[in-house]
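Q: I have a model open on my screen and I'd like to learn how to read it. Can we walk through it feature by feature?

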Amino acid sequence: MAYPQTRMRRLRQRLPLRDLVRETELSASRLVAPLFVTLGREAREPIGSMPGVQRLSIGQAVLEAGELAALGVPAVLLFGLPEGVVQLAARAIKEAHPELLVITDVCLCEYTSHGHCGVLREDGVVDNDASVALIARAAVSQARAGADIVAPSDMMDGRVGALRAALDADGLGDTPILAYSAKFASAFYGPFREAADSTPSFGDRRSYQMDPGNGREALREALLDIDEGADMVMVKPALAYLDVVARVREHTQVPIAAYNVSGEYSMVKAAAAAGYLDERAAVLEALTGIRRAGADVIITYHAKEAARWLQQM
Ligand code: PBG
């Protein structure tokens with residue numbers, strides 16, 4: 001039946017009706033807040049490229065984690081500078097807030113002098129297999145320190161299988177792996193690189209991160225990671241890659257996380273600061289879109305504010 005029998009506007013007339021038939025729910029329970037943790041005196045250091053986000057000392061990270069938990073955000077994703085701080089922060093957060101899930105980013109880029117996500121061969125090429133061995137060791141060390149989930153973000157081949165084997169061999173068979181399966185070589189990581197001091201000192205990451213044009217390959221990456229033992233897979237960034245989220249959703253059975261990355265965050269912040277858009281509405285719309293595309297979990301720097309807004313609804 002078509003118009004005039006069919007009138008799509010009938011179900012849009014009033015808020016309770018719209019609420020009743022909404023297909024996609026957004027709730028704080030689906031959000032993960034990334035935290036940047038540093039060693040040194042108790043402080044919060046603003047990150048210029050990411051208004052509202054700070055580098056946190058361990059004590060401040062524990063406080064922040066408590067606020068997130070109180071707002072109903074179930075998980076944090078830890079990035080550390082330098083090596084070792086992630087483990088210390090994971091332990092401190094778990095001690096203070098045992099109910100909060102601690103996810104750790106497993107990568108070498110924050111720790112290598114050249115900023116690439118693996119170790120370099122003499123000819124300057126990132127050595128896949130040597131990197132995988134180190135990444136597996138880092139994951140074990142983070143899980144031992146209390147990480148509930150480890151998330152390898154390096155895009156080396158075979159790392160999920162290596163992590164699974166290393167965790168199992170260490171008695172950590174219950175630690176899930178969230179694989180950054182389809183991580184694209186994206187300009188939208190720009191602000192993060194200031195936050196984590198992880199800009200490569202030469203070249204770029206296109207020899208290991210994915211080409212933005214490739215959707216089929218992203219699905220292949222996800223399937224390979226699942227085959228190697230990934231418990232959850234990730235698509236990153238989120239907003240320019242919603243078709244990839246939808247495709248992975250259609251062809252896999254595991255939970256999917258989408259990473260609403262730093263550049264996506266900072267664009268909204270900049271536009272809102274200039275008065276070009278309504279920040280609250282824009283953020284909730286973008287997060288709903290990521291859920292609608294098929295993501296179960298959204299990693300986002302908007303987590304705390306979004307959780308607050310969702311409480312007020
Ligand atoms: C490091 C890493 C990056 C991000 C998460 N882990 C940067 C990169 O790969 O260049 C980006 C996160 C963001 O932009 O919010 N492997």
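Predicted model: local features only at pLDDT ≥ 70, side-chain atom pairs only at ≥ 80, totals over all residues.

Q: Which polar side-chain atoms lie 2.5 Å, 2.8 Å and 3.3 Å from atoms of the ligand?
A: Look for N or O pairs within 3.5 Å, the cut-off for a polar contact. R205 puts a polar side-chain atom 2.5 Å from a ligand oxygen, and Q209 has one 2.8 Å from an oxygen atom of the ligand. On its own the ligand has 400 Å² of accessible area, and the protein covers 100% of that.

Q: Where does the ligand sit?
A: Check which space in the protein holds the ligand: here that is the largest cavity.

Q: Is K269 buried or exposed?
A: Under 20% relative accessible area means buried. K269 has 12% relative accessibility, so it counts as buried. You'll find K269 in helix α9, residues 262-273. Its side chain makes a polar contact of 2.9 Å with the side chain of E305.

Q: Why does L134 count as partly exposed?
A: Between the buried cut-off of 20% and the exposed cut-off of 50%, a residue is called partly exposed. L134 has a relative accessible area of 32%, so it belongs in that class. L134 is part of helix α4, which spans residues 128-144.

Q: Which peptide bond from K236 is cis?
A: Read the omega angle for this one. The bond from K236 to P237 is cis, with omega near -5°. P237 lies in the loop between β8 (232-236) and α8 (242-251). The bond from Y3 to P4 is cis too, with omega near 10°, and P4 is in the segment before α1 (15-21).

Q: What is the phi of M155, and where is its place?
A: M155 is not a glycine, yet its phi is positive, about 70°. M155 is in the loop between β6 (149-152) and α5 (159-169). Its relative accessibility is 4%, so M155 counts as buried.

Terms used. Residues numbered from 1 in each chain as written. Heavy atoms only, no water. Polar contact = N/O pair within 3.5 Å; in protein donor to acceptor, adjacent residues only side chain to side chain. Areas by Shrake-Rupley, 256 points an atom, 1.4 Å probe, with all protein chains shown as cover. 1 Å grid on protein atoms, 1.4 Å probe; cavity = no way out; pocket = protein on both sides within 12 Å on 5 of 7 lines; lining within 4 Å. Sits in = over half its atoms within 2 Å of the grid points. Helix = DSSP H or I, 4+ residues; strand = E, 2+ residues; numbered from the N terminus. Buried < 20%, exposed > 50% of the residue type's maximum accessible area, 1.4 Å probe, protein only.
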